[in-house]
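Welcome! Let us take a friendly walk through a protein model, one part at a time.

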Amino acid sequence: MRIRKFRKEDAKKASYMVRKSITKSLPEVYNKKVIEFLHKKNTPAEIIRKSKEVDYFVAQKESCIIGIIGLKDNEVKKFFVNPRYFRKGIGTKLLKRVEKEAKKRNIKKLKVHGSLFAEKFYKKKGFKEIKRVKRGPKASQWTDILMEKKI
């Protein structure tokens, strides 16, 4: 397994993995409308479009994309790991890669809008809760946790 910069040709596999992660993990904390909304936000085309403003990194094992994370300014974006690889250190390695990139850019604090599902992970990695935030369109709103970490 290696962590590397995202390439446009990764979009299809990354989208599949993100959607799989959303389907497997987020129904524990979000309703069906939120899950559907998040699916629509994570198409290959949307990931490519966002990659113009977000620096994405992927975890690759053989020909599979098993994780993705992004950095935009001082904010962690689109952080997902294939559920088959939960609790195997992939998320930690991805986060360390983004922290390394942030330090190169002289960023002192990282922020993340973490899902309720990922709250324990972020706290374990040193993030502190700032506040709970309602996100998304009114028909499918959800609560995220705005967190930050000094690096």
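## Strands side by side

Strands β2 and β3 run antiparallel and are joined by seven bridges. This is a predicted model, so keep that in mind as you look around.

On to another partner of β2. Strands β1 and β2 pair in the antiparallel sense, this time over four bridges. Ile3 has Ala59 in β2 as its bridge partner. How many of the seven residues of β2 are buried? Five of them are, and the strand is mostly covered.

Now find Arg4, which belongs to strand β1 (residues 2–5). Is Arg4 buried or exposed? Its relative accessible area is 8%, and because buried means under 20%, Arg4 counts as buried.

Two polar contacts involve the side chain of Arg4. One, of 2.8 Å, joins it to the side chain of Asp10, and another, of 2.6 Å, joins it to the side chain of Gln60. Leaving aside residues up to four places away in sequence, Arg4 touches Asp10, Phe57, Val58, Gln60 and Ile65.

In soluble globular proteins, nonpolar side chains tend to be buried together. Here the largest nonpolar core has 22 residues, and Ile69, Val76 and Phe79 touch the most other members. Two or more residues each come from β2 (55–61), β3 (64–72), β4 (75–81), α4 (90–104), β5 (109–114) and β7 (142–150). Which element gives the most to this core? The answer is α4, with five residues.

Take a closer look at Ile69. Not counting residues up to four places away in sequence, its contacts include Tyr56, Phe57, Val76, Phe79, Leu94, Leu95 and Val98. There is also a second, separate core of 19 residues, with Ala11, Leu26, Tyr30 and Ile47 among them.

Helix α1 (residues 11–25) has 15 residues, which at 1.5 Å a residue should span 21 Å.

Which residues of α1 are buried? They are Ala11, Ala14, Ser15, Met17, Val18, Ser21, Ile22 and Ser25. Seen down the axis of α1, these buried residues fall within an arc of 165 degrees, so they line one face of the helix. An α-helix has 3.6 residues a turn, so residues three or four places apart point the same way.

What do the buried residues of α1 pack against? Their partners are α2 (32–40), α3 (44–50), β3 and β4. The face turned away from the buried side of α1 carries the exposed residues Lys12, Tyr16 and Lys24.

Most residues other than glycine have a negative phi, and most peptide bonds are trans. Lys78 is not a glycine, yet it has a positive phi of about 35 degrees. Lys78 sits in strand β4, and at 18% relative accessibility it counts as buried.

Asn106 is not a glycine either, and its phi is positive, at about 65 degrees. Where does Asn106 lie? Its place is the loop between α4 and β5. With a relative accessibility of 55%, Asn106 counts as exposed.

How values were computed. Residues numbered from 1 in each chain as written. Predicted model: local features only at pLDDT ≥ 70, side-chain atom pairs only at ≥ 80, totals over all residues. Heavy atoms only, no water. Core = buried A, V, L, I, M, F, W, Y, C linked by side-chain atoms within 4.5 Å. Buried < 20%, exposed > 50% of the residue type's maximum accessible area, 1.4 Å probe, protein only. Contact = heavy atoms within 4.5 Å. Polar contact = N/O pair within 3.5 Å; in protein donor to acceptor, adjacent residues only side chain to side chain. Pairing = 2+ DSSP bridges. Expected span 1.5 Å × (residues − 1). Arc of directions from axis to C-beta.
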